[in-house]
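Visitor: Please take one part of this predicted model and go through it closely.

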Amino acid sequence: MHLLGVDIGGTGIKAAVVDVATGALITPRQRVPTPQPATPRAIGIAVARLAQSLDWHGPIGCGLPAVVKHGIVCTASNIAPEWIGVDGRQHLQEALGQPVALLNDADAAGIAEMRFGAGRGRDGVVLMLTVGTGIGTALFINGSLIPNTELGHIEIRGKDAERRASDAARKRKGLSFAEWAPLFDEYLHRVVALIWPDLVIVGGGASKAFDEFGPLLSAPVEIVPAHLRNEAGVVGAALYAAACLTLPLSE
Ligand code: BGC
């Protein structure tokens, strides 16, 4: 079964048709910059264009960098505040003219890594981090997702952690990955002290440079790069849509 996965980020919107049985991308991944300001209307138009460019007609899974409860968007740290309180699922469904499943972007990435990537077959407490414009978190216990954790917003030295330790913060400060590693490591130490995961998977834009900063991390936990790297969000959104929007094969 093929479904369209869309990963709406603070900086870019990525989309591809995904084979949900294997996690493989069936089309090349398309990417457009996130419109600024990232209002519901502007994002609806951008995602509709992406779906059109892939000639897609069918269910769509969308990850959004926000807490999403039953389709309603509850937070907006890297998108326009107009999203708060909006039925994002309904809104995107109208903009796209297709059934939409909507979830938090880091939860989407985590779902993909647990199914096809670094978390495959891993029990216990697994924490997926997406390190990009913000820091997204997805928490799993024995493979089950605890949705909408927002551990990128814990306070470190009086500041929102993602403002200090995200990849956008690294770029803002003009740091190399090696120079940024201590900031990210401090974040990891704090998160580990709070939830003591068995495994931490690092995804998002920064994951492509894991070789540069991974060996410099000292937090007392197993830390691995995401296997699907920055594609996890697209794959996970499609997997989520398959679970929410399609009938079991037996029916
Ligand atoms: C948002 C999260 C999101 C993360 C990664 C944070 O600013 O609060 O909901 O998962 O960025 O995009």
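Guide: The part is an open sheet of five strands in the order E11-E10-E9-E14-E15, with mixed pairing. Strands (E, at least two residues) and helices (H or I, at least four) are DSSP runs numbered from the N terminus, and two strands pair if DSSP finds at least two bridges between them. At the edges are strand E11 (144-146) and strand E15 (222-225), each pairing on one side only. Ignoring direction, neighbouring strands are turned against each other by 25 degrees on average; axes are lines fitted to C-alpha atoms, for helices over the stretch in contact, and angles run from 0 to 180 degrees between N-to-C directions.

Residues are numbered from 1 along each chain as its sequence is written, and side-chain values use heavy atoms, without hydrogens and water. The model is predicted: local features need pLDDT of at least 70 and side-chain atom pairs 80 or more, while totals for chains, interfaces and linings use all residues.

The bridge partner of Ile141 in E11 is Ser144. Helix H3 packs on the sheet and touches E9, E10, E11 and strand E14 (199-203), where contact means heavy atoms within 4.5 Å. The direction of H3 makes about 45 degrees with that of E10. Helix H6 (residues 177-195) also packs on the sheet, touching E9, E10, E14 and E15. Its direction makes about 150 degrees with that of E9.

A pocket is an open set of points on a 1 Å grid where a 1.4 Å probe fits, with protein on both sides within 12 Å along at least five of seven lines; lining residues have an atom within 4 Å of a point. Of the 43 lining residues of the largest pocket, Gly9, Gly10, Gly132, Thr133 and Gly134 lie nearest its centre. Domain 1 (2-107 + 231-244) and domain 2 (121-226) both contribute to this lining, so the largest pocket lies between them; the bounds come from an automatic or database domain assignment.
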